[in-house]
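Hello,

Here is the structure I promised to pass on to you. Have a look at it first, and then read my notes below.

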Amino acid sequence: MRLSNGNFGHNWPLPITQWFDDELFYSLCCRFHYIAGNRLSGHTAKQLFGHARHGTQHDFPSNLDTFVQRTSGVFGDTPKHIILQHTILPFYLPWVSCSLGTELLDQLSRGQAARIKSLLGLPSSRLRANHPLRACPECMHEDKQRTGTAYWRLTHQLPGVRVCPTHKVLLWQFNEKTNAVRRFDWLLPRNDAFYPVAYTLTTHCQLWLDRLAQAAIEIFKLAPNIHIDLNTVQTAYRTALDEQAMLRGRHQIALGTVCQRYLAFTRSCRWQELGIMPPAQERSTTFMLSRLLTRQPCSTNPLHHLPLILWLFGDWPTFWAAYKHAQAPASVTPVHPRTSSDIPDTQAQRLTQLVVVQGLSVSAAAQQLGIAVQTCQSWAAACGIRLQKRPKSNLERIAAIVKDLRQGMEQKATAHKHGVSSSTISRLLLTEPGLHIRWEKARRALAQKRAQSRWLRAMTKHPNATAKQLREIEPASYAWLYRNDRAWLQSKLRKLAKHSVDRSTSVDWAKRDEKLHGQVQQLYQQLQRDGELFPITVQQIYKSTPNIKPALSSLNRLPQTRELLTQIRKRSYRTSKC
Ligand SMILES: [Zn+2]
């Protein structure tokens with residue numbers, strides 16, 4: 001393949017022809033620049049984009065039409081293909097309207113990149129509009145080993161991604177290619193050109209940074225024709241707030257409570273410190289939340305939504321399922337049927353089964369049927385099912401769930417008991433301050449109590465059993481105690497050792513000696529027959545059968561065996577002297 005460059009009157013072969021795995025478009029141009037050996041960055045930009053400063057923007061490059069034409073489509077036959085596969089724009093596209101999306105693609109293909117950030121509303125979003133280049137030190141090392149050079153990975157540049165999804169380490173931030181420094185240059189990552197990492201992550205921060213990164217990647221992977229409807233997003237938010245008892249009455253959002261809990265969560269994740277969110281001030285956060293949660297035109301910057309989504313839903317897939325549910329078209333079944341004949345038979349039967357037979361709450365039944373709670377209530381009325389008056393408010397229910405979790409109740413059992421989904425329980429555990437640690441402690445205490453009582457019961461039931469026998473009777477308890485409560489287990493095992501001394505009086509040592517003596521003799525003869533080299537040693541005897549070596553500690557009670565082993569040893573000794 002050749003570089004088609006009519007303007008310069010050249011027709012050079014392309015110095016590179018392939019993408020690297022997960023490579024950013026800017027990175028490909030950097031590699032082109034290095035391998036082409038151009039002295040100035042402007043030369044490369046002119047060759048690829050027809051202008052000394054076009055294409056050099058690492059986040060939103062411009063003039064991709066010219067690039068595709070000059071590289072004869074080797075790296076993608078259309079600008080759109082390259083933009084969707086190798087720039088960060090697809091992270092933003094689902095959040096803007098279809099027409100704006102088309103305009104953005106058009107700008108990157110033909111126009112000036114300078115307008116892109118304004119069109120996306122980034123400068124006015126209270127978040128920094130730049131996208132510093134980032135890299136994972138371990139990926140850089142591996143890429144260098146594999147390809148000969150470190151390069152910029154697209155995934156690491158996605159807004160919100162601060163840890164490497166593969167190696168789970170904090171990404172390094174490049175200290176060049178910023179607004180003032182070498183902004184028009186082609187620069188590949190170098191170990192000495194990054195800011196020092198000033199953070200040590202706790203497990204909690206690590207977990208949520210990883211979920212944030214996964215969410216950003218999921219957004220990037222959404223099909224190009226998907227446009228997220230912000231009204232539906234707000235509906236999903238309100239449903240989640242309702243489930244978590246943060247609505248006053250049926251509709252009013254308890255904004256003060258929401259803001260406090262949201263800030264507590266984001267501060268615990270240190271997202272403000274890492275620059276993922278604007279500085280956490282209560283007044284500005286309340287204002288932002290009111291825009292995101294209430295029926296007002298809200299931000300289309302996904303970085304405003306992502307922290308809220310993770311706080312409310314725990315992860316992106318759970319949010320996406322809730323969004324799809326909120327988006328689902330109205331059922332063909334009337335929302336307010338007059339009689340049961342208005343409802344499909346299968347649905348009516350299922351509703352009866354769930355509410356009357358299984359005793360589920362109306363909200364739990366609605367969730368299983370995939371319909372709104374109000375619809376479920378109407379269906380139940382039409383089917384003649386008398387619903388129990390809702391026994392508890394959401395707030396009371398959450399308090400009851402939290403109480404059970406604090407006592408270490410298992411997640412599925414808690415969900416079943418309170419008629420909520422498992423994801424609601426997981427979310428509560430992760431978002432209620434201190435609850436997860438308390439729950440784990442309680443779970444451990446319960447497991448400890450269970451294992452200890454089972455072990456003690458086994459000891460009582462089998463007073464003469466050895467440790468090995470008890471271990472076979474209670475393998476799970478033994479394993480748990482061995483891993484988690486070894487001191488207690490050993491104290492009980494020491495008592496067993498005393499029992500075994502007592503039991504020893506009942507051993508028929510003479511019989512055992514006779515049996516073992518015969519066994520050693522047989523082994524000796526067998527080894528001779530097998531043609532083992534003479535002299536046969538006691539070590540060979542020990543290796544041939546596992547039950548002789550343990551008897552060595554009791555040889556004073558096994559005179560025949562001891563005498564035989566001594567003879568074997570002496571014979572061996574004499575032979576080796578010859
Ligand atoms: Zn990595």
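**Aromatic pairs**

The structure holds 27 aromatic pairs, where rings of Phe, Tyr and Trp (its six-membered ring) pair if their centres lie within 6.5 Å, and planes under 30 degrees apart count as stacked, over 60 as edge-to-face and the rest as tilted. Please keep in mind that this is a predicted model, in which local features need pLDDT of at least 70 and side-chain atom pairs count only at pLDDT 80 or more, while totals for chains, interfaces and linings use all residues. Residues are numbered from 1 along each chain as its sequence is written, and side-chain values use heavy atoms, with hydrogens and water left out.

Tryptophan 316 and phenylalanine 319 are three residues apart in helix H15 (residues 316–327), so about one helical turn separates them. Helices here (H or I, at least four residues) and strands (E, at least two) are DSSP runs, numbered from the N terminus.

Buried means under 20% relative accessible area, exposed over 50%, and partly exposed in between (1.4 Å probe, protein chains only).

Elsewhere, ring pairs join Trp19, Phe25, Tyr26, Phe49, Phe67, Phe75 and Trp186 into a cluster.

**The zinc site**

Which residues hold the zinc ion? Cys136 (SG), Cys139 (SG), Cys164 (SG) and His167 (ND1) coordinate the zinc ion at 2.1 to 2.3 Å. Donors are N, O and S atoms within 2.8 Å of the metal (3.2 Å for Na, K and Ca), and water is not among the atoms, so sites may look incomplete. The spacing of the donor residues in sequence is C-x2-C-x24-C-x2-H. Cysteine 139, in helix H8 (residues 137–147), and histidine 167, in the loop between helix H9 (154–157) and strand E4 (172–173), are 28 residues apart and link distant parts of the chain. Both cysteine 139 and histidine 167 are buried.

The angles between the four donor atoms run from 103 to 114 degrees, which makes the arrangement tetrahedral. Four donors count as tetrahedral if all angles lie between 85 and 135 degrees. For reference, the ideal angle for four tetrahedral donors is 109.5 degrees.

Lysine 168 lies in the loop between H9 and E4. Lysine 168 has a positive phi of about 60 degrees although it is not a glycine, and is partly exposed, at 35% relative accessible area. Arginine 270, in the loop between H12 and H13, likewise has a positive phi of about 60 degrees without being a glycine. Most residues other than glycine have a negative phi.

**Arginines over rings**

Arginine 31 belongs to helix H1 (residues 25–36) and is buried, with a relative accessible area of 6%. The charged end of arginine 31 sits over the ring of phenylalanine 20, 3.7 Å from its centre. The criterion is that NZ of Lys or CZ of Arg is within 6 Å of the ring centre and within 35 degrees of the ring normal. Leaving aside neighbours within four places in sequence, arginine 31 is in contact (heavy atoms within 4.5 Å) with Ile16, Gln18, Trp19, Phe20, Glu23, Thr149 and Leu188. The charged end of arginine 211 sits over the ring of tryptophan 208, 5.0 Å from its centre.

**Helix H13 and the whole chain**

Helix H13 (residues 282–293) has twelve residues and spans 16 Å from its first C-alpha to its last, close to the 16 Å expected at 1.5 Å a residue; the expected span is 1.5 Å times one less than the number of residues. The buried residues of H13 are Ser284, Thr285, Met288, Leu289, Ser290, Leu292 and Leu293. They pack against helix H11 (230–243), strand E6 (252–253), helix H12 (255–269) and helix H14 (302–313).

The chain has 28 helices and six strands, and of its 578 residues 45% count as buried.

Best wishes

How values were computed
Four donors count as tetrahedral if all angles lie between 85 and 135 degrees; four count as square planar and six as octahedral if opposite donors are over 155 degrees apart and all others between 65 and 115; anything else is irregular.
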